[in-house]
Amino acid sequence: MLKIGLVQQSAWDLPIDSMPLAAGYMKAVLDADPDLGSETDVRIHNLRGGWSITQMARMIFGDGEIPDVLAFSVLGWNYRNFACLAELHKQLKPDGLTVFGGNHVSSQGQKVFRECPSVDIVVNGEGELTFRDLTAALLADRREPHLADIAGLSFRSPEDGSCVTTGERERIDDLDVIPSPFLTGAIPLLDRNGHFPYEFALLETNRGCPYKCSFCYWGGATGQRVRSFSRERLAAELDLFGYHEVPTVFLCDANFGMLQADEEFTEDLLRMNEKYGFPIALEANWAKNKSERFHRIVRTLKERGFKSSFTLALQTLSDQALTDMRRRNMKLNQWEELTDWLAEEEMEAFVELIWGAPGETTESFFQGYDKLAEKVPRIAVYPLLLLPNTDYSEQRDIHGFVTVRGQSDDFEYVLANRTSTFDENLRMQRFMYLARILGENQYFKRLWHPARRLAGMTQSQVIHSLLDWIDASDHPSVAAFRDSFPVIAESPAVASGHRMLYSDPLLDREIERWWSQSIVARFPEDWRDAGTQMYAFERWSRPVYQPPGTERPDGWTEADGEYISEEISFSYPMAELLDRIASGDLTSPNAEEAVYVFRGMSGFYQHLDNHETGAHYFARAERLVHA
């Protein structure tokens, strides 16, 4: 019996497990093979982000069962830790085999073997059938498996240890040859208490991306023909999700909404919701070019009450940067009509931007950022990373990239390029850190329009105003927050800062003081009294943050999975007033006592680090009418 361990790790320090989809595919393939299933014992080791090496080692090796083969699904954040675990595996089982696979190491055999002496094999490209063939070769001869004829591998030469790479494996045309990890039970959907244990259900409806964006290895330097799983298979998986009351499905597709099959998937998703009441939310990487099909899908989901965030993955508004990105001619760049349509349909959207792209300057970035913010204040700004197998990585000299690798990960962080300096990048990282918390994660959700329309400030000016306030403050809570600012505004640091704001009421009160003194002071005089109350309304509208084992926040009760606030009185009808401002109606407000109750779903603590699912937990305000 060949013992195989499949290792996968969640990103960052999430308080809930991520679904091990890649490992689930591998296990399902081996378990279903009539020649391999009875000869292999396959176990998935699903590790949480942020775990130490020793915690991961205990999870994998703690029961004394040392795998003959230990295969890792590698990404930038776990590359170095997995190299250490591979070394430990070699010490525990010198004749064992360690395998790396995944986008970050695909076609990078020479680098991996140079930096990770204990790694024996790298899987290039799609791994399911390659790993199946590798397993068959090991069962045929464990001491000297014949690897040279297996397409899609890099391995160390038995003669001199040099890197040998076999021919490229053709992509899988019929994806249904990969057994479903859900229908086969390779990935169980319930824990020992009968609860769905994951952040959300990950699902692929297709694979491939026709675009060749310079920064992305999804299509990468080559582009990929899109191939789909069958409708029947996907419907059966959705039925299982509904039966087990899976709340959110997150699609791993590159461009959902592009294919006719995506409309059929939406029909089946809604049918399962009718049948079981679940799933209730869909998150996706939406099609880059928004067609009529996209519009129909979005409208249908909205009409049926599905929770979802609609992404405008613009990356930049700079023409020069778009040209270098190979995105200049995308219809997505005609974004203003789309945002108007989304607003008319009352559907929430957010924009993705990248800072650090060649061709972009700080001036062009802020110009684009503020132009977008007038339509869509929720903007996610990510620092550019150089990823393997992308145009940017392969043409770094042309673009003048200056990078540094992370201390605990293997990402290359861009610190300068031909159009932005090192100093500019460091200043931009501070802006991005705060912008991601306030905008992307919506710590400010309804305050942007009043600041823009009443104080005459752009969204970037508001963020810079708060940055200046933070730098000048001597309040202990503000100083601690200031000290949390990272050099690189990557997601783990952003999540940590976001939690600080929810965890420290004194810090939030100081930010409220900044709002009144720096922003509301610029309002017209007839708006200032109402303006001072806007922050309190925003605070009650945020999700309720209650870590496990702690007392419920003041002013809230909980019933049937929902938080309900006490009655909150304002001197103005704040919800209506904020809606008016957003629409451009700046008529002087009339004082009128308004009492609200706020309601929001429980469970935000587990989703705060993910702005897409976290957005589902914002409280809604219900105005009370007293006799």
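## Basis

The model is predicted: local features need pLDDT of at least 70, side-chain atom pairs count only at pLDDT 80 or more, and totals for chains, interfaces and linings use all residues. Residues are numbered from 1 along each chain as its sequence is written, and side-chain values use heavy atoms, with hydrogens and water left out.

## The parallel sheet

Three strands form an open sheet in the order S8-S11-S12, with parallel pairing. Strands here are DSSP runs of E, at least two residues; helices are runs of H or I, at least four; both are numbered from the N terminus. Pairing requires at least two DSSP bridges between two strands. Strands S8 (201-203) and S12 (281-283) are the edges, each pairing on one side only. Neighbouring strands are turned by 25 degrees against each other on average, direction ignored.

Strand S11 (residues 248-251) runs parallel to S12 and is joined to S12 by 3 bridges. Phe 250 stands opposite Glu 283 in S12. Helix H6 (residues 231-243) lies across S8 and S11, at about 180 degrees to S8. Axes are lines fitted to C-alpha atoms, for helices over the stretch in contact; angles run from 0 to 180 degrees between N-to-C directions.

Ala 321 sits in helix H9 (residues 319-325). Its relative accessible area is 0%, so Ala 321 is buried. Buried means under 20% relative accessible area, exposed over 50%, and partly exposed in between (1.4 Å probe, protein chains only). Beyond its neighbours within four places in sequence, Ala 321 contacts Thr 316, Ala 357, Pro 358, Gly 359, Glu 360 and Tyr 392. Contact means heavy atoms within 4.5 Å.

Glu 263 belongs to helix H7 (residues 260-276). Glu 263 is also buried, at 15%. With neighbours within four places again set aside, its contacts are Arg 293, Arg 296 and Ile 297.

## The second largest pocket

This pocket holds about 1700 Å³ of space. A pocket is an open set of points on a 1 Å grid over the protein atoms alone, where a 1.4 Å probe fits, with protein on both sides within 12 Å along at least five of seven lines; lining residues have an atom within 4 Å of a point. Grid points are joined across faces, edges and corners, and the volume is the space filled by probe spheres set on them.

The lining has 46 residues, with Glu 346, Met 347, Glu 348, Gln 442 and Lys 445 nearest the centre. Helix H10 gives the most, with 5 residues.
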